[in-house]
Amino acid sequence: MTQPAGTHRLALLSAAAAAVALAAADTYVVVLALTDMMAGVGIGIDALQRATPIISGFLLGYIAVLPLIGRLSDLLDRRRILLGCLVVFVLGSAVTALAVEMPVLVTGRVLQGIGGGGLVPATLALVADLWPPDRRGTPLGVVGAVQELGSVLGPVLGAIVLAWSGWRAIFWLNVAAALILYAVIHLLGARGHSPGAVEEGPARARGGLARARTAVAAVLAVLGLGVTGLALAAPESLVTDVALGGPFVPFAGQSRVLTPIGVTGLGLLVVVAVLTAPRWWAVLRRADLFGALLVAVALGSLVLTFASSDPEKEVVGPLGYTLLPLGALALVVLAWWHRTAADPIVPRGIVGGRGLRSLAVSLLVGAALVAVVVDVPLLARLTDSYDETGAALVLVRFLLAVPVGALLGGWSLHRLGDGSASAAGLLLAGGGMLVMSRWTLDSVGDTLPATVVLVVVGFGMGLALAPVNNAALADSPAHAHGVASSLVVVARMVGMVVGLALLTSIGLSRYYDAVRRLPDPLDTDALIGAGVVQVQTVFLGGALAALAGAAVALTLGVRRRDHREALRDVDSPRFVGL
């Protein structure tokens with residue numbers, strides 16, 4: 001595609017990166033608002049386990065459809081995928097803000113996950129389109145940095161909003177910010193046709209019938225969204241009105257969706273889907289819809305199995321013994337389908353060589369990262385010095401160092417190879433976490449040594465982000481950059497979900513073993529000491545994951561590859577004909 005001018009290119013990257021930061025902030029903002037959200041849909045604080053779908057629903061949407069969105073970004077213009085993801089994120093945020101019942105709230109969170117998650121691989125692939133292989137390091141570092149910075153700012157922004165308004169205001173602000181970014185990206189233009197892009201089916205025809213159908217679909221879409229939104233909002237002035245309240249009366253129960261106006265709105269949206277089917281069906285078929293379904297089942301089963309488990313009782317969640325075999329079966333069928341399909345969702349050769357090793361490193365980074373994010377605040381809370389907010393602030397030192405490391409990791413690729421940069425970062429992180437595995441209650445706090453260790457660990461993990469993304473992109477052809485980027489993101493998220501469950505389970509096992517050996521089971525200080533053992537175990541597991549990641553990362557290449565060498569690799573026979 002035609003390369004935009006330098007300033008235009010940077011502006012497009014800035015807008016896309018801002019969208020990634022917005023989605024990342026939304027990932028963590030729910031932590032502070034969770035109890036208020038539960039109350040908003042009629043769930044008491046004593047039923048915390050029923051709030052699990054609020055979190056797991058977002059993760060499910062974020063992870064399960066990422067490969068499909070990555071594939072679509074390879075078939076269509078990247079900018080259109082960014083805009084589409086922002087639209088889905090806006091719809092999910094609005095549904096979440098309007099929800100007064102659990103199914104609607106979870107639906108909104110799933111939509112937020114789909115839209116927010118899809119922004120990451122689309123932006124990474126956009127970088128690969130706009131910068132040559134030997135100059136991608138810094139922009140990839142920028143994307144990694146803003147993603148991590150969004151994770152830092154999310155809880156802070158959530159606390160600010162909750163200080164002056166309710167939890168719903170958080171998601172309305174999401175709507176406003178995403179619409180502004182949509183307008184900016186749309187106005188920037190610079191449409192390039194992505195490599196391998198396809199026409200969108202019969203609706204591309206320039207006949208009057210196609211234009212009329214599009215116009216009707218647009219009108220019905222606006223009406224459908226407006227009517228559905230009105231049903232969810234259920235304004236009291238209308239609901240209680242004798243003449244106008246009839247359409248808001250539920251057919252059964254108390255659901256605002258199962259009302260005449262709610263069903264009408266959803267019906268209009270179904271009609272829109274039918275009218276626009278000729279435009280999107282051909283693209284979905286080319287994207288390998290069956291393969292995408294198999295990937296979604298496999299990833300969804302994994303996420304729901306571990307995200308819904310109670311680490312104090314189990315590693316595998318209550319549905320895991322059904323979901324894990326289902327996911328395994330989906331993987332077997334996917335392997336067969338990948339060999340036989342003419343154009344599989346993951347093009348052949350993408351997960352071989354450095355691509356596969358990049359996924360392994362990303363998965364291990366996720367496991368190490370989640371160990372710090374979860375257990376540093378836990379260790380701080382075991383002391384008498386920190387409440388929940390203070391414990392979160394202890395973690396901020398680590399979180400602020402990650403984006404700094406991500407920026408420097410991208411910049412370092414001007415001189416270093418992907419393997420040497422990422423391995424150096426993970427060695428720093430692993431060494432720092434080994435020190436943390438010896439921490440006691442006196443170690444955490446405002447002391448300089450604790451701050452230095454947290455900064456070193458965060459900096460090291462950030463240092464590995466851009467090189468891993470760069471290696472995956474460099475070893476994939478241009479028409480598969482979206483899929484390659486999505487797989488790296490999926491691997492990292494899977495590492496976080498599975499790593500949290502496994503490391504916490506091992507840590508709790510050591511905790512209960514220590515408690516059983518106590519002379520006095522009611523000794524508070526001794527129980528706190530057992531809790532410290534649990535945290536130390538999780539830190540040790542995270543350190544081993546980081547060090548294993550460093551060993552694998554070294555195989556990604558120690559020396560920097562020049563532009564011509566990168567092009568030769570992409571043009572190698574394993575990519576021919578894909």
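How many residues does helix α4 have, and how far does helix α4 reach from its first C-alpha to its last?

A: This is a predicted model, in which local features need pLDDT of at least 70, side-chain atom pairs count only at pLDDT 80 or more, and totals for chains, interfaces and linings use all residues. Residues are numbered from 1 along each chain as its sequence is written, and side-chain values use heavy atoms, with hydrogens and water left out.

Helix α4 covers residues 78-98, which is 21 residues. Helices here are DSSP runs (H or I, at least four residues), numbered from the N terminus. From first C-alpha to last, α4 reaches 30 Å, close to the 30 Å expected at 1.5 Å a residue. The expected span is 1.5 Å times one less than the number of residues.

Of the 21 residues of α4, 16 are buried, so α4 is largely enclosed by the rest of the structure. Buried means under 20% relative accessible area, with a 1.4 Å probe and protein chains only. For the chain as a whole, 52% of the 578 residues count as buried.

Contact means heavy atoms within 4.5 Å. Among contacts in the chain with a separation of 6 or more, 82% come from residues 24 or more positions apart.

How values were computed:
Helix = DSSP H or I, 4+ residues; strand = E, 2+ residues; numbered from the N terminus. Buried < 20%, exposed > 50% of the residue type's maximum accessible area, 1.4 Å probe, protein only.
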